[in-house]
Amino acid sequence: RIIESYCWLLSKAAQSFMIPCKDTIVIYGSRKAYSMPNSKKISIHFPHRAEGPFFATDLPVTMSDINYGGHLGHDSVLTLMHEARVSFLKAHELSEMNVNDGDPAIGLIMSELQVQYLTESFHGDILRAEVLPFIPEGPRWFIAQRLVRVSDQREIARALIGMTFFCYQSKKVQRAPDSLMRHCQDWKLPI
């Protein structure tokens, strides 16, 4: 019953956050296999903006980013996206430790992550890391990101990141601070 509820919740979450999916994944539990339709292969939609990327920064693929297969490792994809997210926040005088203009400090904790790997990247590539935040809802803030190779404009990876607002002082989940909501309205973000 718990697994069936979890499967239903995951399929609803995938539908809710613009992640059209194909195929089926099977989750094994206590001698039964539960199938989760529409959830094996994710396909993350990165919204197009006529005026160009909301925020972008160019990042090099270094030797430390290369794995045993000779290409950009999955862990380095996440590191590059994290670097871009931190740069985006810093450009707006925010940080992962505080997205609130006043007290208390309200930080961000990554609570969800879905990544779609599209093609390989290699040492020496310059990747444009794009960041597109959505309007926060309650305690959560979804941010779409992608990596695009500058030389040929091929997408390397896309991600949908769910951040949760958290007050480190009280150790409690918080709603999006009003000051961040005002920033988001000024930025004219997608819903």
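Reader: In what order do the elements of the protein chain run from the N terminus on?

Author: This is a predicted model. The protein chain holds three helices and eight strands. From the N terminus on, the order is α-β-β-β-α-β-β-β-β-β-α.

Reader: What share of the residues of the protein chain count as buried?

Author: The accessible surface comes to about 11,200 Å². Carbon and sulfur atoms hold 54% of that surface. The chain has 191 residues, and the buried share is 42%.

Reader: Among contacts with a separation of 6 or more, what percentage comes from residues 24 or more positions apart?

Author: Take the contacts in the protein chain with a separation of 6 or more. Residues 24 or more positions apart account for 63%.

Reader: How many residues of strand S7 are buried?

Author: Strand S7 covers residues 155-167. S7 is mostly covered. Of its 13 residues, the buried number is 13.

Reader: How many bridges pair strand S4 with S7?

Author: Strand S4 spans residues 107-117. S4 and S7 pair in the antiparallel sense, and the bridges number 10.

Reader: Which residue in S7 stands opposite Trp141?

Author: Strand S6, residues 140-149, pairs with S7 in the antiparallel sense over nine bridges. Arg146 has Arg158 in S7 as its bridge partner. Trp141 stands opposite Met163.

Reader: Which residue in the hairpin of S6 and S7 takes a positive phi?

Author: Five residues lie between the strands of this hairpin. The phi in question is near 60 degrees. The residue is Gln153.

Reader: Why is S6 called largely enclosed by the rest of the structure?

Author: S6 has 10 residues. It is largely enclosed because the number of its residues that are buried is eight.

Reader: Which residue in S6 is the bridge partner of Leu127?

Author: Strand S5 covers residues 126-133. Seven bridges join S5 to S6, and the two run antiparallel. Their hairpin has six residues between the strands, with Gly138 at a positive phi near 60 degrees. The partner of Leu127 is Arg149.

Reader: Which residue in S8 stands opposite Cys167?

Author: Strand S8 is residues 172-173. S7 and S8 pair in the antiparallel sense over two bridges. Four residues separate the strands in their hairpin, where Lys171 takes a positive phi near 60 degrees. Opposite Cys167 stands Lys172.

Reader: How many disulfides does the structure hold?

Author: Consider two cysteines. Cys167 counts as buried at 3% relative accessibility. Cys184 also counts as buried, at 1%. The number of disulfides in the structure is zero.

Reader: Is Arg49 buried or exposed?

Author: Arg49 sits in the loop between strand S2 (32-42) and strand S3 (55-60). Its relative accessibility is 19%. The cut-off for buried is under 20%. Therefore Arg49 counts as buried.

Reader: Which residues is Arg49 in contact with, leaving aside neighbours within four places in sequence?

Author: The loop between S2 and S3 places Arg49. Beyond four places in sequence, its contacts are Phe54, Leu132 and Lys188.

Reader: Why does Asn98 count as partly exposed?

Author: Asn98 lies in the loop between helix H2 (74-91) and S4. Buried means under 20% relative accessible area, and exposed means over 50%. Asn98 falls in between, so it is partly exposed, with a value of 24%.

Reader: Which backbone nitrogen does the side chain of Asn98 reach?

Author: Not counting residues up to four places away in sequence, Asn98 touches Pro104, Ala105, Ile106 and Gly107. The side chain of Asn98 reaches one backbone nitrogen at 3.2 Å. That nitrogen belongs to Ile106.

Reader: How far apart in space are Asn98 and Cys167, C-alpha to C-alpha?

Author: In sequence, Asn98 and Cys167 are 69 residues apart. Cys167 is buried at 3% relative accessibility. C-alpha to C-alpha, the distance from Asn98 to Cys167 is 8.7 Å.

Key. Residues numbered from 1 in each chain as written. Predicted model: local features only at pLDDT ≥ 70, side-chain atom pairs only at ≥ 80, totals over all residues. Heavy atoms only, no water. Buried < 20%, exposed > 50% of the residue type's maximum accessible area, 1.4 Å probe, protein only. Contact = heavy atoms within 4.5 Å. Areas by Shrake-Rupley, 256 points an atom, 1.4 Å probe, with all protein chains shown as cover. Pairing = 2+ DSSP bridges. Polar contact = N/O pair within 3.5 Å; in protein donor to acceptor, adjacent residues only side chain to side chain. Disulfide = S-S within 2.5 Å.
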